[in-house]
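Reader: I have a model open and would like to learn how to read it feature by feature. Could you walk me through it?

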Amino acid sequence: MTQDSTDERFSGLPARPGKIVAVHLSYASRADQRGRRPVHPSYFLKPSSSVAASGGTVERPLGTELLAFEGEIALVIGSTARRVPLDRAWEHVAWVTAANDLGLYDLRANDKGSNVRSKGGDGFTPVGPDLLDARAVDPRALRLRTWVNGELRQDDTTAGLLFPLPQVVADLSQHLTLEPGDVILTGTPAGSSVVGPGDVVEVEVDVPGGPTSGRLVTTVIEGPHAFDAALGSLPAVDDRQRAEAWGREPFRLTAELREKLGRTPVAALSAQLRKRGLDQVTIDGVHPMHPDGTLVGTARTLRLVPAREDLFARHGGGHNAQKRAFDTVGEGEVLVIEARGEAGSGTFGDILALRAHVRGAAGIVTDGGVRDHAAVAAVGIPVYSAGAHPAVLGRRHVPWDVDVAVACGGTTVEPGDVLVGDGDGVVVIPPALVEEVVDAALAQEEEDGWIAQQVAAGHPVDGLFPMDPAWRARFDAWRASR
C-alpha cells in the first residue's frame, strides 16, 4: 500500500476515511464497570482529522488532566453497505486493525454526549499499524489488548461483546450508508484509564496464535496551548468525570450492606447523617404503601416537568422518559420520581409498577400521586408516594428526563445515591458515607436498646440518656461481656 508523504497519519488505513463511527458501550466488562448495560448499541462520530499513525504522539492540552486511552478493534468497510441483513454484514468489512479511541474527559460534560471536542482532537484516533484481512478472521474470535508503559491494562475478546461486530455493521447500515474506507470503532473493554505526558500506550488486535495487527504505539506529550475562554467553554472536571476517566468501579451495595441497612431504622440513619452535617436528606411528604415494609436500594431517577400541552405532544408519546425509566430500572435499584410535590395526577400505575417489579427493582419513590393504588399495592413492590390519584400523568406532568439529579420531596437525589425507607419515611445517603453511617447507626441502636432496658427496669433518664461517665462505664462493661 503506497501513501503520499503528506498522508502519513493515514498510513494504517487504505485511505483517508470518509467517516469514523464509534460505539459508546459494547463490552460487557466495560458496561458492568459503568454500572449500566445498554439494550441496543448507540454511536457517535469522530472527524477523520483525528486519525494518527502508529509511532506518533498525542497532545494532552495544556490545563487539562483527564486524557484517557481506549483500546479498540477498528473495522474498515470494503464495499458499500446500506440496509444489509445481519447474515451478510461481515461481507462488507474488508479489514480489521487496532485503534485507540482517546478521549479528554475535561470536555466531556460540555459536549453533552456528542464527543465532538472530547474525542475529536487531532491525534485522538491512532489506527494501525497493519490491516488484517477480514475474510481470514472469525469476528467472534478476535482478541484486543492494551499496554501502558509495558503493563497490560486491557485484555478481552469479541466473545465479551454485548453486540457482535456484524450486528454493529448491519445496524449502522439501517441508518446511513457505509462507504468503502469508512472506519467503525467497536468500543472498549474494562481497563481504560487516564494517561499523562510521557506515557506510552500500545494496542494490538489479533487472533490468538494467528495473524495480528501489530502494536499500535502512541506517546502522550504535554500540549503547549490552552483553551481560550473568549471562544468557548473551558475544560472542567468533577468527581464523576474523574471516576469514569480513571475507570474506577461505581459504588455498589454489597449483600452485607443491604442486610445492615434493611435492619437499621431510618430515624437512626437520619440522626447519624445529621451528626455529619447532612440535614437535608429526608424525602418529605411521601408515605409508604406498605407501612410495615422496608426499602433499600440505589437511585435511578426520572424527572417530570409541569404539564404544557405543546410539550406533552412532543415528549409524552411513544417510548417517553417515563417508560424508558421503568423499562431500564435494574435489580436492586429504586426509581425516584421528581413530581415537584404535585399530587394532582398519577405519576405511574399498576402496569409500570409491575414492570419495575419484574425487573427486580427495590422500590419506587415519588413525591406525586399513584394511579390504580390498590392494584399497585397488590404488585408488592415497595412504594412511597404522596397518595392516590385517579388522573393520568399528562394532567399535571410531562415526562422529561432520566438519570439526572432530581428534586424529590424537598431533597436532591443523584443517580447512585442510596435510599432507605421504613414506616418513618425515606432517607438519602451519599454512597461514600453508607458504610460509616450504617455501622454508627447500628452501634447507636445497640446503645439505645440497652438504655431502654434500664429505663424499663425503673432507672431515671437523668444521667442515663445521654449517658454520663458512670453509666457509660456500665454499658461498656455489659458490651464487653457479650
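Author: We will go from the whole chain to helices, strands, single residues and a pocket. First, the ground rules: this is a predicted model, in which local features need pLDDT of at least 70, side-chain atom pairs count only at pLDDT 80 or more, and totals for chains, interfaces and linings use all residues. Residues are numbered from 1 along each chain as its sequence is written, and side-chain values use heavy atoms, with hydrogens and water left out.

Reader: How many helices and strands are there in the chain?

Author: Helices (H or I, at least four residues) and strands (E, at least two) are DSSP runs, numbered from the N terminus. Here the chain has 13 helices and 27 strands. Its C-alpha trace spans about 95 × 55 × 50 Å along the principal axes.

Reader: What share of the residues count as buried?

Author: Buried means under 20% relative accessible area, exposed over 50%, and partly exposed in between, with a 1.4 Å probe and protein chains only. Of the 482 residues, 48% count as buried. Among contacts with a separation of 6 or more, 77% are between residues 24 or more positions apart.

Reader: Let's take a helix. Which residues of α10 are buried?

Author: In α10, residues 350–358, the buried ones are L352, A353 and A356. Viewed down the helix axis, these buried residues fall within an arc of 105°, so they line one face of α10; the arc is that of the directions from the helix axis to the C-beta atoms. I351 and V358, on the other side of α10, are exposed.

Reader: What do the buried residues of α10 pack against?

Author: Their partners are α9 (321–328), β21 (363–366) and α11 (373–379). Just after α10, also look at G360, which takes a positive phi of about 90°.

Reader: Why is α4 described as largely enclosed?

Author: Eight of the eleven residues of α4 (residues 165–175) are buried, so the rest of the structure largely encloses this helix. The buried set is L165, P166, V168, V169, A170, D171, L172 and S173. The packing partners of these residues are strands β1 (20–23), β2 (43–46), β6 (71–77), β7 (93–100) and β13 (183–185).

Reader: Now strands. Which strands does β19 pair with?

Author: Two strands pair if DSSP finds at least two bridges between them. β19 covers residues 295–306, and ten of its twelve residues are buried. With β20 (residues 333–338), β19 runs parallel over six bridges, and L302 stands opposite I337 there. With β23 (residues 397–402) the sense is antiparallel, over five bridges, and P306 has H397 as its bridge partner. β26 (residues 418–422) is also antiparallel to β19, joined by four bridges, with G297 partnered by L419.

Reader: And in what order do the strands of the three-stranded open sheet run?

Author: The order is β8-β5-β14, with antiparallel pairing. β8 (103–104) and β14 (194–195) are the edge strands, each pairing on one side only. Two bridges join β5 (residues 67–68) to β14, and A68 stands opposite V194.

Reader: Is Q154 buried or exposed?

Author: Q154, in strand β12 (residues 151–157), is buried, at 0% relative accessibility. Beyond neighbours within four places in sequence, its contacts include F69, E70, G71, T188 and P189. L144 is ten residues away in sequence, and its C-alpha lies 7.3 Å from that of Q154.

Reader: What does Q241 touch?

Author: Q241 sits in helix α5 (residues 239–246) and is buried, with a relative accessible area of 9%. Not counting residues up to four places away in sequence, Q241 touches L66, Y105, R108 and A109.

Reader: Last, the second largest pocket. Which residues lie nearest its centre?

Author: On a 1 Å grid over the protein atoms alone, a pocket is an open set of points where a 1.4 Å probe fits, with protein on both sides within 12 Å along at least five of seven lines; lining residues have an atom within 4 Å of a point. This pocket has 13 lining residues, with E59, P61, G121, F124 and F227 nearest its centre. Its volume is about 240 Å³, taken as the space filled by probe spheres set on the points, which are joined across faces, edges and corners. By class, its lining has seven nonpolar, four polar and two charged residues. Here Ala, Val, Leu, Ile, Met, Phe, Trp, Tyr, Cys and Pro count as nonpolar, Asp, Glu, Lys and Arg as charged, and the others, Gly among them, as polar.

Conventions
Contact = heavy atoms within 4.5 Å.
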